[in-house]
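The following note comments on the structure shown below.

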Amino acid sequence: MIFRSAKASDPLASEITPHSVYLNRRQFMGQTAALALAAAASDASALVARDKPADMGPQWLREQIAAAKSAPAGDDAPAPYSSITNYNNFYEFGYDKDDPARYAGKMKADPWSVRIEGECEVKGTYALEDLLKGIDLEERIYRLRCVEAWSMVIPWIGFSLSDLIKRCKPLSSAKYVEFISLADKDQMPGVRSAFSTIDWPYREGLRMDEAMHPLTMLAVGLYGEVLPNQNGAPIRLVVPWKYGFKSAKSIVAIRFSEQMPKTTWSQIAPQEYGFYANVNPAVDHPRWSQASERRLPSGLFSPNRIDTRLFNGYDEVASLYSGMDVRRFY
Ligand SMILES: Nc1nc2c(c(=O)[nH]1)N[C@H]1C(S)=C(S)[C@@H](COP(=O)(O)O)O[C@H]1N2
Ligand SMILES: [Mo]
């Protein structure tokens, strides 16, 4: 079945499954999943309570997360837990929105270690527990805007990436930070797949000043619990003013470099996905408009379409790009 959106100006379902021309995937599945999800989310608070597992992750991490400072209630109401954990992009587990929820559960997120490498004084492989020692976690409610023109409000638990970067003592030659995700054929059907056109591992990167910005965070939790695997357990990046693909999941290495790192989507389709990927309603994707977005949960009869804001509404990052042509450096 093909759903046409309510307004003629709205993108067709086929247009909001973006990465699709490059990927061998069934069309319209994302949209179908979104509709099912919207129907299921009609009683959001009840679902949050019922679906949230209480015993994920190692004890030490659960305790550290339980001690996190809560975010003040903001204007944005978080999406239900069930939406955030059943409508995902995590191509290592498949191309459909429900593949990560279906297949990521078996991924072993504990024990976990992260390699710190490149242009920094403090290098090495660190157990997650050591990496997080002495770090105060806090809740942050951020909007996540996917390049596919949908968005969600997510209550993360984590800390500023800058806290970790300072501990690594980057050299003055470190101009960029690269993030590398786990790519394990044994645990990830998308990495195993012969049809995959992605050159694994998934890689992302930030300019040093973007990485040091107080909004940029590493998340280890969601809705007061340990991060579920489908959302990038045990540790993932969250850069709320950039399209979601910048926020690399299940990070196994952080590398400081002098050169701009090659990133997964800008390698696959450089004319469609840039290194910067700042949310910008005035710079359309070549195949669809970025002027508005579908705020999830949404449904056929309540599309919940809202205007997209520059930098996803996080105006405080504007100074990072003063003097830069954001149309050219998209
Ligand atoms: N390793 C990895 N990280 C990833 C992706 C991915 O496929 N693999 N997808 C990205 C995209 S396109 C988005 S929109 C967000 C989705 O995060 P969420 O599923 O937690 O909402 O993760 C990003 N991080
Ligand atoms: Mo995305």
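1. A nonpolar core is here a set of buried Ala, Val, Leu, Ile, Met, Phe, Trp, Tyr and Cys residues joined through side-chain atoms within 4.5 Å. Buried means under 20% relative accessible area, exposed over 50%, and partly exposed in between, with a 1.4 Å probe and protein chains only. The model is predicted, so that local features need pLDDT of at least 70 and side-chain atom pairs count only at pLDDT 80 or more, whereas totals for chains, interfaces and linings use all residues. Residues are numbered from 1 along each chain as its sequence is written, chains are lettered from A and ligands numbered from 1 in the order in which they are written, and side-chain values use heavy atoms, with hydrogens and water left out.

2. The protein chain has 330 residues, of which 57% count as buried. Its secondary structure comprises 10 helices and 12 strands; these are DSSP runs numbered from the N terminus, helices being H or I of at least four residues and strands E of at least two. Taking contact as heavy atoms within 4.5 Å, residues 24 or more positions apart supply 73% of the contacts with a separation of 6 or more.

3. The largest nonpolar core contains 90 residues, and W156, F179, I235, W241 and F256 have the most contacts inside it. Strand 4 (residues 150-160) contributes the largest share of this core, 6 residues. Beyond its neighbours within four places in sequence, F179 is in contact with residues including L161, Y202, L206, L237, I251 and I254. In soluble globular proteins, nonpolar side chains tend to be buried together.

4. Just after helix 7, K169 adopts a positive phi of about 50°.

5. Which residues lie nearest the centre of the largest cavity? They are N89, F90, R236, G244 and K249, from a lining of 25 residues. A cavity is a set of points, on a 1 Å grid over the protein atoms alone, where a 1.4 Å probe fits but cannot get out, and lining residues have an atom within 4 Å of a point.

6. A149 sits in the loop between strand 3 (138-145) and strand 4. Its relative accessibility is 1%, so A149 counts as buried. Apart from neighbours within four places in sequence, A149 is in contact with W288, S289, Q290, S292, E293 and R294. A149 and Y243 are 94 residues apart in sequence and 9.3 Å apart in space, C-alpha to C-alpha.

7. S113 belongs to strand 1 (residues 113-118) and is partly exposed, with a relative accessible area of 33%. Not counting residues up to four places away in sequence, S113 touches T125, Y126, A127, L128 and V252.

How values were computed
1 Å grid on protein atoms, 1.4 Å probe; cavity = no way out; pocket = protein on both sides within 12 Å on 5 of 7 lines; lining within 4 Å.
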